[in-house]
Amino acid sequence: MSTATATAEGTAAEEAASPVLSRRRPFKVRPLSILAIAILVILAICWLLPFVWSVLTSLKSETDAAATPVTWWPANGFTFDAYAKVIQDGNIPRWVWNSLLTSVAITVITVAIASLAGYAFSRIDFAGRRWLFAAIIGSIIIPPQILIVPLFRQMLAFNMVDTYWGIILPQVIAPVMVFILKKFFDQVPIELEEAARVDGANRLRVFLQIVLPLSRPILAAVSIFVFIGAWNNFLWPFVVTNNANLMTLPVGLQTVKSAYGIQYAQNMASAILAALPLIVVFLFFQKQIIKGVATTGFGGT
Amino acid sequence: MTTALANQTAAPGTTPGRGPSRKAQNNLSGWAFVAPFTAFFAVFLVWPIIYGFYMSLTGSSLSGSGQEVIGFANYAEAFGDPDMWHSFGNTVLFTVLSTIPLVVVSLILALLVNTGLPGQWLWRLSFFLPFLLASTVVSLFWTWMYNPQLGMINDVLANFGVEPISWLQDEKYAMVSVVITTVWWTVGFNFLLYLAALQNIPEQQYEAASLDGAGGWRQLISITIPQLGPTTVLILILQILASLKVFDQIYQMTQGGPSGVTRPIVEYIYETGFTGFRLGYAAAISYIFFAIIVVISLIQAWVNSRRSAA
């Protein structure tokens with residue numbers, strides 16, 4: 001409960017200003033700033049180097065990748081062999097498809113049910129609202145990790161082990177998102193809705209035709225975070241799938257490492273292939289993602 | 001922050017009921033709206049919590065045998081189980097080792113970036129992008145970098161005359177290696193929270209301070225750091241709760257080894273249940289772990305309420 005409160009506390013105050021994206025303080029050249037730049041450049045290189053090193057390795061032949069002493073620049077030139085091998089022989093295209101399918105399904109269901117619930121908690125004064133909301137918010141402190149044992153047993157009973165539904169269904173409950181959406185709906189002016197209600201529109205129509213279109217930015221932010229979380233989730237898909245054909249990308253990659261053993265270039269090529277979709281998502285939605293983290297403090301975990 | 005809270009509670013936006021029929025209508029539509037979420041919530045969260053507690057009182061195995069209730073025997077066993085305490089100790093060690101740099105480094109990064117340097121997008125990209133990668137990708141990258149003979153890190157260190165180190169296989173270095181990877185992977189999230197907080201500090205405070213003759217260092221100590229207090233508390237708490245749940249990257253990089261020195265409590269739960277086939281015992285350890293998380297959350301709530309009361 002308290003985690004959520006602390007997390008979203010800054011929301012209202014910070015939403016308007018859209019910090020992080022706007023640069024306020026002018027940059028002045030002083031000795032101290034030069035030092036700051038030097039330190040930052042070094043740190044940025046440290047942060048980018050793992051990418052560079054992994055990309056370089058993925059573009060080497062296996063002989064060059066396994067050469068000692070280490071060669072940064074391949075002696076036999078760059079090659080896409082590792083990528084070709086990984087895509088042809090491996091399960092990677094299949095895993096990308098599984099990840100895409102399950103992540104999209106999780107995102108659609110999560111956002112649909114969480115926005116309906118968030119709207120009701122914000123606008124409709126129904127019996128039991130308070131205790132239900134308290135229960136949902138209270139559940140935020142429950143670490144999903146403690147549920148893997150009973151959930152697995154449950155999935156066995158439902159015959160959902162090694163099925164897409166088994167991967168999807170336990171991941172669609174996001175109490176934090178209900179909380180964030182409710183906070184957003186609280187701030188939507190009520191006048192528009194009242195006018196429509198007077199004209200005889202029912203709750204669902206008001207929600208679908210007036211409130212949702214006004215909520216596009218927050219729905220986009222929530223969707224991106226749910227999608228990234230689902231795409232990257234490891235523990236639950238790992239527990240609930242054994243069949244390589246049903247594995248999501250992160251789970252499948254874990255098996256690649258042992259299967260390819262010392263095929264270093266192929267290992268790195270699979271890692272790069274797995275990272276690419278998210279890098280693309282980031283480049284497209286940079287603003288929403290950064291604003292989402294900065295204003296709501298949610299993401300990942 | 002307190003004003004933000006006050007605003008939110010002052011904007012209820014519910015229509016007051018106008019008689020019994022309106023009330024019944026509200027009940028109907030309200031429950032219709034929350035029904036889908038509540039159904040999933042009940043089946044995939046509330047029920048597993050109850051069922052998990054029941055399982056923890058049984059000798060349940062993966063095959064479904066041993067369903068009979070054996071009381072708190074699993075809990076008693078867990079408290080006397082050196083492996084559980086060892087993995088719990090590893091989790092605490094990881095939390096301490098990772099939380100400190102994840103707060104300090106993210107603060108330093110945010111302070112440096114916030115000096116108004118050009119190329120803001122590049123800094124944000126460099127430090128935040130790793131956060132979006134899957135744990136498997138991060139683990140693959142870093143296992144390769146830590147490779148004792150072929151990895152980048154020993155190659156770079158060799159230039160400084162450092163002998164090759166078996167980062168992930170050496171008991172002395174394994175936990176530190178995992179922590180370094182974790183800092184690289186997740187520091188961007190805290191960095192963005194700090195950056196947002198820094199840019200919310202009113203510029204007038206700095207102007208007033210420089211009129212009074214306060215230099216950059218003085219301003220940092222007297223204005224910036226105190227103003228970041230609430231953000232630091234928030235980051236600390238989120239970080240501690242996140243670090244206690246660590247599993248993915250450790251399992252993928254070291255499998256908990258060498259000799260179990262990196263095995264966290266979540267891995268112990270996973271192994272007890274799914275490779276040791278003792279689901280009942282694994283459920284009991286889950287509940288002990290849960291109790292610890294609840295206690296920390298309560299402490300956080302208490303700190304929070306004291307802060308907003310002050």
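R263(B) counts as buried, at 17% relative accessibility; buried means under 20% relative accessible area, exposed over 50% and partly exposed in between, with a 1.4 Å probe and protein chains only. R263(B) forms a salt bridge with E271(B), that is, a side-chain nitrogen of Lys or Arg lies within 4 Å of a carboxyl oxygen of Asp or Glu. This is a predicted model, in which local features need pLDDT of at least 70 and side-chain atom pairs count only at pLDDT 80 or more, while totals for chains, interfaces and linings use all residues. Residues are numbered from 1 along each chain as its sequence is written, chains are lettered from A in the order in which they are written, and side-chain values use heavy atoms, without hydrogens and water.

Side chains of opposite charge can pair when their charged atoms come close. The count comes to four salt bridges over all chains, including these:

| Salt bridge | Closest N to O |
|---|---|
| R278(B) and E77(B) | 3.1 Å |
| E271(B) and R263(B) | 3.3 Å |

K182(A) and D186(A) sit four residues apart, about one turn, in helix α10 (residues 175–187) of chain A; helices are DSSP runs (H or I, at least four residues), numbered from the N terminus. K182(A) is buried at 14%, and D186(A) is buried at 9%.

R278(B) forms its salt bridge with E77(B). R278(B) lies in the loop between α13 (265–275) and α14 (279–309) of chain B and E77(B) in helix α3 (residues 73–79) of chain B, so the pair ties together parts 201 residues apart in sequence. R278(B) is partly exposed at 34%, and E77(B) is partly exposed at 36%.

Terms used. Helix = DSSP H or I, 4+ residues; strand = E, 2+ residues; numbered from the N terminus.
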